[in-house]
Structure formats: C-alpha cells, structure tokens
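This report describes the fold, the aromatic pairs and the nonpolar cores of one protein model. The sequence and the structure are displayed below.

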Amino acid sequence: MKNLQSTDSLADDSDDAVSHEEWLSFSLDTITYAVDILRVREIRTWQTMTRVPYAKDYVVGLINLRGAIVPIVDLRARFGLSRREADKETIVLIMSVMTEDGEKTMGIVVDRISDVINLNTDSIESAEKFDLTISNRFVRGITDVKGGMAVLLEIDAVLDIADF
C-alpha cells in the first residue's frame with residue numbers, strides 16, 4: 001500500500017514540474033524580456049569583440065569562448081531600438097540555439113539582467129493580441145511579472161542563422 005501511495009505522489013510531482021518553467025529576465029531600454037533559462041549557457045560581462053566585416057548591423061562581433069568562436073548579437077539593434085554604449089551593467093548571455101544545422105552557441109547583448117522568473121505555463125498569454133514593436137515570430141508569449149509585463153522570447157527565431 002505504501003508503494004502505491006509513493007508512486008501516486010511521484011506522478012503528482014511530475015505533473016507540477018511539467019506545468020512550470022524558469023525564464024531569465026533582462027531589460028532593453030524600459031522593456032522587460034525573458035529567455036528560457038535552460039537555453040542560457042553563461043552570463044558574461046561586456047568585453048571587446050572582433051567586428052565582422054559586412055555583417056548585419058545587429059551582429060556586434062565575435063568572441064573566443066574557450067576555443068570556440070561565438071557570434072554576438074545586439075538585441076537593441078535586432079529589435080530596432082537605439083544603440084547604447086556598453087557600461088558596467090551590460091551583459092552578454094551565451095545561448096544554446098537550435099538551427100537547421102543543429103545546435104549552435106551564440107550570444108546576445110542586453111542592457112541588464114533582472115531576475116529568474118518561475119512561471120506556470122497557464123500564465124503565458126499569446127502575443128498576438130498585443131501590439132509589440134518586435135516581430136511576433138520572435139515572441140513566445142507575454143506574462144505578468146511583479147506588476148509589469150515581460151515579453152518571453154523565442155530565442156531560436158531571434159537568432160535565426162538564415163538572417164545573418
């Protein structure tokens with residue numbers, strides 16, 4: 001009888017785990033965005049990058065990450081926001097991105113890191129009913145965070161290799 005009860009409680013725990021997700025929030029200008037925390041490989045401070053000639057304006061450059069060459073994208077430029085000089089709060093998130101060619105490592109530049117958000121998947125609203133300044137293909141949804149809104153990014157679309 002005890003074995004049956006413990007199996008039931010395990011099933012209940014796994015159901016809870018499926019309905020929750022963790023997101024890393026950050027800001028660009030006055031807007032809060034978030035990425036799936038499982039896709040974040042590293043959080044790094046700003047560093048000088050090697051510029052790539054003839055690259056899109058939102059590709060800041062390349063960094064050498066323990067022997068791997070990693071392209072870095074400025075999300076402000078990618079989303080059409082004005083440029084901002086890097087400061088002590090500027091962060092580079094090293095992300096795992098799924099492409100047609102498989103998994104790639106890329107980075108994104110953000111103004112500052114905010115918080116880790118624990119979300120119930122039911123609290124994610126569709127972005128289609130909101131008038132966002134970025135393409136809907138970049139957005140997984142929108143959620144309420146501490147009385148404000150956070151735009152949940154679809155990082156594979158934002159860092160789509162075909163766009164480079």
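Are Tyr33 and Phe79 buried or exposed? Both Tyr33 and Phe79 are buried, where buried means under 20% relative accessible area, exposed over 50% and partly exposed in between, with a 1.4 Å probe and protein chains only.

## Basis of the model

The model is predicted: local features need pLDDT of at least 70, side-chain atom pairs count only at pLDDT 80 or more, and totals for chains, interfaces and linings use all residues. Residues are numbered from 1 along each chain as its sequence is written, and side-chain values use heavy atoms, with hydrogens and water left out.

## Overall fold

The protein contains 3 helices and 10 strands; these are DSSP runs numbered from the N terminus, helices being H or I of at least four residues and strands E of at least two. Along the sequence the pattern is α-β-β-β-β-β-α-β-β-β-β-β-α.

Of the 164 residues in the protein, 37% are buried. Among contacts (heavy atoms within 4.5 Å) between residues at least 6 apart in sequence, 54% join residues at least 24 apart.

## Aromatic pairs

The structure holds 3 aromatic pairs. Rings of Phe, Tyr and Trp (its six-membered ring) pair if their centres lie within 6.5 Å; planes under 30 degrees apart count as stacked, over 60 as edge-to-face and the rest as tilted. The rings of Tyr33 and Phe79 have centres 5.4 Å apart and planes at 40°, so this pair is tilted. Because Tyr33 lies in strand E2 (residues 31–36) and Phe79 in the loop between helix H2 (75–78) and strand E6 (91–99), the pair ties together parts that are 46 residues apart in sequence.

Phe79 and Phe138 also form a tilted pair, because their ring centres are 5.9 Å apart and their planes are at 35°. Phe138 belongs to the loop between strand E8 (112–120) and strand E9 (139–145), so its pair with Phe79 ties together parts that are 59 residues apart in sequence. Ring pairs link Phe26, Tyr33, Phe79 and Phe138 into a cluster.

## Nonpolar cores

A nonpolar core is a set of buried Ala, Val, Leu, Ile, Met, Phe, Trp, Tyr and Cys residues joined through side-chain atoms within 4.5 Å. The largest one has 28 residues, and those with the most contacts inside it include Phe26, Phe79, Leu93 and Ile108. Elements that give two or more residues to this core include E1, E2, H2, strand E10 (148–153) and helix H3 (155–158). Its largest share, 4 residues, comes from E6.

Beyond its neighbours within four places in sequence, Ile108 is in contact with residues including Phe26, Val35, Leu75, Leu93 and Ile155. Another core, of 9 residues, lies apart from the largest one, with Val60, Ile63, Leu65 and Val109 among them.

Ser27 is placed in strand E1 (residues 20–28) and counts as buried because its relative accessibility is 7%. The side chain of Ser27 makes a polar contact with the side chain of Arg112 (2.6 Å). A polar contact is a pair of N or O atoms within 3.5 Å; within protein, one must be able to donate a hydrogen and the other to accept it, and residues adjacent in sequence count only if both atoms are side-chain atoms.

Val110, in strand E7 (residues 102–110), has 1% relative accessibility and therefore counts as buried. Val110 and Leu93 are 17 residues apart in sequence and 7.6 Å apart in space, C-alpha to C-alpha.
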